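Let's take a friendly look at a protein model together. Keep the sequence and the 3D view open as you read.

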Amino acid sequence: MSASDPAALTYRRMWADLGMNLELHDQMLEAIERVHRTTHLARRNRPLAMSEFDAALHGAHGSRVAEIIEHRRRGGKSIGTFCIYVPDEIALAAGVIPMPLCGGTGWSVDYADKMFPRDICPLVRSTFGLAFSGTCPYKTLKEFALGETTCDAKKKAWDLLGFPSLEVPQKKTDIDRELWRSEVRRFAREMEKLAGRPIEKEALARSVRKVNDRRRVLQRINGYRMLAEPPISGLDALLVSQTALSMDIDAFLAAAGRLEKELESRAVKGVSAYEKPGPRILYAGSPSPLGYSKLHYVAETSGLRIVADESCTGSRYYRDLVDEGSGDLDSMYDAIADRYFAIDCACFSPNSERFDNVRRMAGEFGVSGILHGVLQYCHGYDIESRALDKAIADLSIPSLKIVTDYSEQDIEQIRVRIETFRELVEHGEKRQTAGSGV
Ligand code: SF4
Ligand code: SF4
């Protein structure tokens, strides 16, 4: 949404009522609009149904905010979250809307200087830069923001700002599982307290199915990227995953269903999202919150095809489902906890499950290269990229690690590195083809 379009004008009153800084907010909307226009909207061969996800990107500060205001006006509650470890199913069963707050815009990063050092990851800086600059509409629209003990940057931010947090263990022993199960139950009690009523078994079963449906439709949409000619680009698949977390869940399921139908028809007709051939690449690493798609954009406009995403805005979010067969409330909480405990974030040590998952994905999606996307100062994914390369060395897939932030200054440097990488991957593909006698 640009600052001057009619919808934005309608929402100005709402933003003013929320106490936002309208002048800075206009600047931020313009920055997001410009990036979206030059990345997604400039592409040809996009599925028509992507327009709903384009609208959801802009709606994150407009229609979605209006929905949450209405939900709260009717007595509903909302909380802010920062990580895919927070079990949405439980919040939704209590009638609480979980709102993902991770910032993906470079515009707000410098506003974080008010409280945070410059050498922490841009995701944290962008998030709090939005809050400090008065451009986050969700700042006053929540009962509280819930952190989690994953990386150091986040943990220390919660301490500084006085946010409560869930304790995510850093290992995967039986003791850690028990700790996590008790944290999930503590979260459920918190949600009940907030809602002023107990979570009913039927409501939890419904929300488990619904959140699983969101993961299932993402699995199917991403499944189309396994085709030799993917009907959806990596850039667009990323936008779908990003908006899956920010949209109203029913609205997302409806839009994703329409996209899935279109992808099916494009697949039957052999319609590709790509105009030219190019090596198939797996993106692995730090998350790409809504508003950030720099590496996908540069890679796909430099001849690579990102056909799989191993990140929290990719398979890490949708890969595992909660077991829907659990009987009583207690075993449902265990099933939910166990599903989240299987997440293979780089905050775990060791994190060998992640290596197995990347190995499996590399085969399923038929990739010839891996792009490690690391947000600057995200030490977990940065250091782990080397261990990951070692663990899958036998696959002989070349990789490239790019450490970057949300700024646009290094785009051309990244492009040069990616083009060299593309040549390397293409060379490897030719050698393999020659070796196999094809
Ligand atoms: S990378 Fe780790 S800390 Fe960040 S959102 Fe994913 S699971 Fe949470
Ligand atoms: S991107 Fe990395 S450093 Fe930043 S908040 Fe997520 S896990 Fe922490």
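Below we visit the model's nonpolar cores, then its ligands and cysteines.

## How to read this model

This is a predicted model, in which local features need pLDDT of at least 70, side-chain atom pairs count only at pLDDT 80 or more, and totals for chains, interfaces and linings use all residues. Residues are numbered from 1 along each chain as its sequence is written, chains are lettered from A and ligands numbered from 1 in the order in which they are written, and side-chain values use heavy atoms, leaving out hydrogens and water.

## The nonpolar cores

A nonpolar core is a set of buried Ala, Val, Leu, Ile, Met, Phe, Trp, Tyr and Cys residues joined through side-chain atoms within 4.5 Å. Buried means under 20% relative accessible area, exposed over 50%, and partly exposed in between (1.4 Å probe, protein chains only).

The largest nonpolar core has 119 residues, and Ile90 and Met191 touch the most other members. A second, separate core of 13 residues includes Leu282 and Phe365.

## Around the ligands

Ligand 1 has neighbours including Cys83, Tyr85, Lys154 and Pro287.

## The cysteines

Cys121 is buried, at 10% relative accessible area, and Cys378 is buried too, at 18%. With a disulfide defined as a pair of cysteine sulfur atoms within 2.5 Å, the count comes to zero.

Key. Near = heavy atom within 4 Å.
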